[in-house]
Each structure stands twice: as C-alpha cells, then as structure tokens.
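User: I am new to reading protein models and would like to learn how to go from single residues to the whole chain. Could we begin with how to read the exposure of a residue?

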Amino acid sequence: MINIRTYKQYWDAIKARMFSTLNLDVTAVFVRTEAELAKKIKEIVEGGLVMVVVIPGSDTNPVDYDNVKERDTCIIYTMRKVNHINMTDDDILDAME
C-alpha cells in the first residue's frame, strides 16, 4: 500500500499539471467514504471546480480483494458544484455540457 502522504502529493501534482494549463482553479478533495464526500461537498462554493480523489482501502484482511491485491487502483472525479433550484431542465442539460 502506498504511503498516504505520497499519494496526496502525487494527486496534488497531477492537479497542478492538468488544470494550471487550462487556467482553472480546482480544489483537490481526498475522501475515503461517501459520507466524507457528502461533508466536503457542503464546504464547496457554488460553481467551484473540485477534483475528488477516493483513497483506496488499506485493510490487511479486506472484505474486497481489490483493496490490497490490485496495483494502481484509484477513483478520481472532477466536478463542479451547481445549484439546480432555479434551473429548468434545459438549463441543467446546458450546465452538463
């Protein structure tokens, strides 16, 4: 299992390389569970771009075999927080493009 600080440094560097060339301000968020993600989403400002990195499990006796046996596993999302309250269906579709 990779050292978690090394993992974070790696993704911070990837974020800098990917988004600085596009002149985008993106916040990196590291989570282990959906509950942590739900808390982090509440802290993000509307319209803010976020790169969410799901930290892989590190159980020594995992329920899921992939947690320790598979190399280079990672889930990463890039998203924008949008408030759909005053949007029509067409507005929502436009925001997704």
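Analyst: Let us start with one residue, keeping in mind that this is a predicted model. Alanine 16 has its place in helix 1, which covers residues 4-20.

User: How far apart are the C-alpha atoms of alanine 16 and valine 26?

Analyst: These two residues are ten apart along the chain, and their C-alpha atoms are separated by 8.7 Å.

User: What order do the elements follow from the N terminus on?

Analyst: The chain contains four helices and three strands, and from the N terminus on they run α-β-α-β-α-β-α.

User: How many salt bridges does a search of the whole structure find, and how should I read them?

Analyst: The search finds two, and each can be read by asking which side chains meet and how exposed they are. In one of them, the side chains of aspartate 12 and lysine 8 meet with an N to O distance of 2.8 Å. Aspartate 12 and lysine 8 are separated by about one helical turn, because they are four residues apart in helix 1. Aspartate 12 is partly exposed at 26% relative accessible area, and lysine 8 is also partly exposed, at 40%.

User: Which residues form a salt bridge at 2.6 Å, N to O?

Analyst: That salt bridge joins the side chains of glutamate 36 and arginine 32. Glutamate 36 is partly exposed, with a relative accessible area of 22%, whereas arginine 32, at 59% relative accessibility, counts as exposed.

User: Where do negative charges gather on the surface?

Analyst: A patch of negative charge is made up of Asp89, Asp90, Asp91, Asp94 and Glu97. Taking one of these residues, aspartate 91 lies in helix 4, which spans residues 89-96, and aspartate 91 is partly exposed, with a relative accessible area of 33%.

User: How do I step back and describe the chain as a whole, for example what share of its residues is buried?

Analyst: Of the 97 residues in the chain, 20% are buried. The chain exposes about 7700 Å², and carbon and sulfur atoms supply 51% of that area. For contacts, consider those between residues at least 6 apart in sequence: 53% of them join residues at least 24 apart.

Terms used:
Residues are numbered from 1 along each chain as its sequence is written. This is a predicted model: local features need pLDDT of at least 70, side-chain atom pairs count only at pLDDT 80 or more; totals for chains, interfaces and linings use all residues. Side-chain values use heavy atoms; hydrogens and water are left out. Helices (H or I, at least four residues) and strands (E, at least two) are DSSP runs, numbered from the N terminus. Buried means under 20% relative accessible area, exposed over 50%, partly exposed in between (1.4 Å probe, protein chains only). Contact means heavy atoms within 4.5 Å. Accessible areas come from the Shrake-Rupley method with a 1.4 Å probe; for residues, only the protein chains shown count as cover. Patches are made of residues with over 30% relative accessible area and no salt bridge: like charges are joined within 9 Å, nonpolar side chains (Val, Leu, Ile, Met, Phe, Trp, Tyr) within 5 Å. A salt bridge is a side-chain nitrogen of Lys or Arg within 4 Å of a carboxyl oxygen of Asp or Glu. Lys and Arg count as positive and Asp and Glu as negative; His and the chain ends are not counted. The place of a charge is taken as NZ of Lys, CZ of Arg, CG of Asp or CD of Glu.
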